[in-house]
Amino acid sequence: MSWLKPVTLQDSAVALAPLSHAHRDALAEATRDGELWKLWYTAIPTPDGMAAEIDRRLGLAEKGTMLPFTVIDKTDNGRPVGMTTYMNVDAANKRVEIGSTWYRKSVQRSALNTRAKLMLLAHAFEDLSCIAVEFRTHFFNHQSRKAIERLGAKQDGILRNHQVAPNGTLRDTVVYSILPAEWPTVKAHLRHRLSLSGDQPA
């Protein structure tokens with residue numbers, strides 16, 4: 001995995017640290033905030049399934065197709081509050097998807113997600129020279145779709161009957177992306193959103 005290497009990304013309030021089993025108990029506790037695994041259109045692990053999910057993500061990291069992070073709230077005693085990843089890594093073409101993201105309910109719709117996405121996008125475009133950064137979500141995950149659109153990503157299309165979910169339903173996947181030429185505007189937009197919220201982007 002010479003192109004995409006484990007890295008810690010952080011600002012004054014949020015850290016994205018390489019995922020580790022040391023985070024397991026705190027992440028299991030985070031899923032209990034809102035009982036996130038009960039959302040039928042997402043794939044968030046149960047508290048008892050957290051160790052297996054960490055194993056799964058670390059296994060994909062070993063294969064070079066994922067770079068998983070634990071999202072840490074530095075303003076709350078360094079408490080892990082969720083997970084995010086670079087996934088579906090295409091090193092040859094310098095493309096990544098930001099996904100498999102979830103946060104405990106108490107920090108959803110807060111500046112934490114904006115900060116995390118700003119750091120992930122900056123690393124992808126400014127350090128890794130990505131030619132595109134992609135986002136995907138379930139058609140019925142309207143909260144996620146709105147959040148992606150608020151970032152400034154453009155919708156590429158919908159992959160109909162893209163996957164069979166664990167509950168047997170068929171998933172239509174909505175695909176979005178941001179391109180390098182769009183990044184300066186998206187970056188300014190995200191930093192402006194943070195300033196409007198009374199937060200600081202650095």
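Ala181 is found in the loop between β8 and α5, helices (H or I, at least four residues) and strands (E, at least two) being DSSP runs numbered from the N terminus. At 72% relative accessibility, Ala181 counts as exposed; the term denotes over 50% relative accessible area, buried under 20% and partly exposed in between (1.4 Å probe, protein chains only). The C-alpha atoms of Ala181 and Ala132 are separated by 9.7 Å, with the two residues 49 apart along the chain. The model is predicted, so that local features need pLDDT of at least 70 and side-chain atom pairs count only at pLDDT 80 or more, whereas totals for chains, interfaces and linings use all residues. Residues are numbered from 1 along each chain as its sequence is written, and side-chain values use heavy atoms, with hydrogens and water left out.

Ala132 also takes part in the pairing of the sheet, where it stands in β6 opposite Arg95. Strands β5 and β6 run parallel and are joined by three bridges; two strands pair if DSSP finds at least two bridges between them. Six of the seven residues of β6 are buried, so this strand is largely enclosed by the rest of the structure. The open sheet as a whole comprises eight strands in the order β1-β2-β3-β4-β5-β6-β8-β7, with mixed pairing. Strands β1 (9–10) and β7 (154–164) stand at the edges, each with a single partner strand, so one side of each is left without a neighbour in the sheet.

Leu9 has Leu16 of β2 as its bridge partner. Val164 stands opposite Leu170 in β8. The two strands β7 and β8 form a hairpin with five residues between them, and Gly168 in the turn has a positive phi of about 90°.

Most residues other than glycine have a negative phi. Asn88, although not a glycine, has a positive phi of about 45°; this residue is found in strand β4 and, at 49% relative accessibility, counts as partly exposed. Lys94, likewise not a glycine, has a positive phi of about 55°. Lys94 lies in the loop between β4 and β5 and counts as partly exposed at 33% relative accessibility. Gly152, which follows α4, has a positive phi near 110°.

Helix α4 (residues 142–151) lies across β6 (132–138), β7 and β8 (170–178), and runs at about 160° to β6. Axes are lines fitted to C-alpha atoms, for helices over the stretch in contact, and angles run from 0 to 180 degrees between N-to-C directions. Arg145, Ala147, Ile148 and Leu151 are the buried residues of α4. Seen down the axis of α4, these buried residues fall within an arc of 165°, so they line one face of the helix; the arc is that of the directions from the helix axis to the C-beta atoms. Their cover includes α3 (111–127), β6, β7, β8 and α5 (183–196), contact meaning heavy atoms within 4.5 Å.

Helices α3 and α5 also pack against each other: their axes come within 10 Å and cross at roughly 155°. That makes α3 roughly antiparallel to α5 (angles under 35 degrees count as roughly parallel, over 145 as roughly antiparallel, 65 to 115 as roughly perpendicular and the rest as oblique). The crossing of α3 and α5 is left-handed; a crossing is left-handed if the near helix is turned anticlockwise from the far one by less than a right angle, and right-handed if clockwise. Residues of α3 in this contact include Leu118, Leu121 and Phe125, and those of α5 include Trp183, Val186 and Leu190.

Helix α1 (residues 24–32) has Leu27, Ala28, Ala30 and Thr31 as its buried residues. Viewed down the axis of α1, these residues fall within an arc of 155°, so they line one face of the helix. The buried residues of α1 pack against α2 (50–63), β3 (66–73), β4 (79–90) and β5 (95–103). The axes of α1 and α2 are 9 Å apart, and the helices pack at an angle of about 115° in a right-handed crossing. In this contact, Arg24, Leu27, Ala28 and Thr31 of α1 meet Met50, Ala51 and Ile54 of α2.
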